[in-house]
Amino acid sequence: MATQKMAQRDTGAAQRKLEEGKERGMEERGLGATERKAGPLDGVATMAQCYQRFNPAAYLQYNYTPPRADFSRSDSIVPWKLDCLHRAFTQGDITGDTLVDIGSGPTLYQVLSGCEVFRRVLLTDFLPVNRAELQRWLEDGEGGFNWTPYLQHVCQLEGRGSQAWREKAARLRSVVSDVLPIDVHSPAPLPPGALVCPADCLVSAFCLEAVSCDRPTFTRALGHISSLLRPGGHFLLIGALDESYYLGGPGVRIPVVPVDEAFVRASLGDCGYSVLEFSTYTLPPGMRVGVDDVAGIFFTKARKL
């Protein structure tokens, strides 16, 4: 019996040393306590922690000013995205009453075409700082990002001329009914009562891959937000291809789960969508400005079965 107890103590001590060695190794690699566990919930918590220092103004400067938002260049990223959205919303098959933007971030460009189609637009984001940035523009406050060149460009795509941008700005402000918190990792992503009826269309840009710790988490989050969409409704999804990180502010390096076209198509299929269109954009050297390692961008139009 004494020998057995001594063996148990020796085994326990060896196990503690092993665990301590693992802990030291993780600390040397810079891993925090949350990242030391492998469970999906821990990964989600880690991603949430990464965003605590997110800086909307810096992010907008990095990605939504020239060269990435140069409306005089045919190879610039933002004009390509706006053209994809304009084409999708003007093909005639996307109709209804309510459009929900999933994970808006501090940006509005993704609803500049859709606001002409729907009578109600909901903007959503997990971070209070991003929701405050959106509210600042909606309330016509000063000091926010200048979306005028975007409004002008979309007006030109619509054949209205760039001077109609004030009308479009007024239209957008009139149809946005709320800016809500959202958690795509929750089976009920929006606050109770936010949607009386399922939405007719969802749009989401650079959200799921940027808030998921791995591909299965991406697909689960896609399933969660899909519960907000009616059968037969459309989903317009924009995202990064083969990206592993981006900068959310000075010194704020945010991990991204790398995805490719095959995975995105499969994930949409698993969540009950029919893919109607899938377009890709490859970043030319002039668009690689050191704020991420993205290889390209995808745009997909899908219908919920």
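## How helices H4 and H6 pack

Helix H4 (residues 77–89) packs against helix H6 (residues 148–157) at an angle of about 45 degrees, and their axes lie 10 Å apart. Helices here are DSSP runs of H or I with at least four residues, strands are runs of E with at least two, and both are numbered from the N terminus. Axes are lines fitted to C-alpha atoms over the stretch in contact, with angles from 0 to 180 degrees between N-to-C directions.

Which residues of H4 and H6 make the contact? From H4 come Val78, Pro79, Leu82, Asp83 and His86, and from H6 come Tyr150, His153, Val154 and Leu157; contact means heavy atoms within 4.5 Å.

## About the model

This is a predicted model, where local features need pLDDT of at least 70 and side-chain atom pairs need 80 or more, while totals for chains, interfaces and linings use all residues. Residues are numbered from 1 along each chain as its sequence is written, and side-chain values use heavy atoms, leaving out hydrogens and water.

## The whole protein

The protein has ten helices and nine strands.

## A look at the cysteines

How many disulfides does the structure hold? There are zero, a disulfide being a pair of cysteine sulfur atoms within 2.5 Å. For Cys155, the closest cysteine sulfur is in Cys115, 8.9 Å away and so too far for a bond. Cys155 is buried at 0% relative accessible area, whereas Cys213 is partly exposed at 33%.

Notes. Buried < 20%, exposed > 50% of the residue type's maximum accessible area, 1.4 Å probe, protein only.
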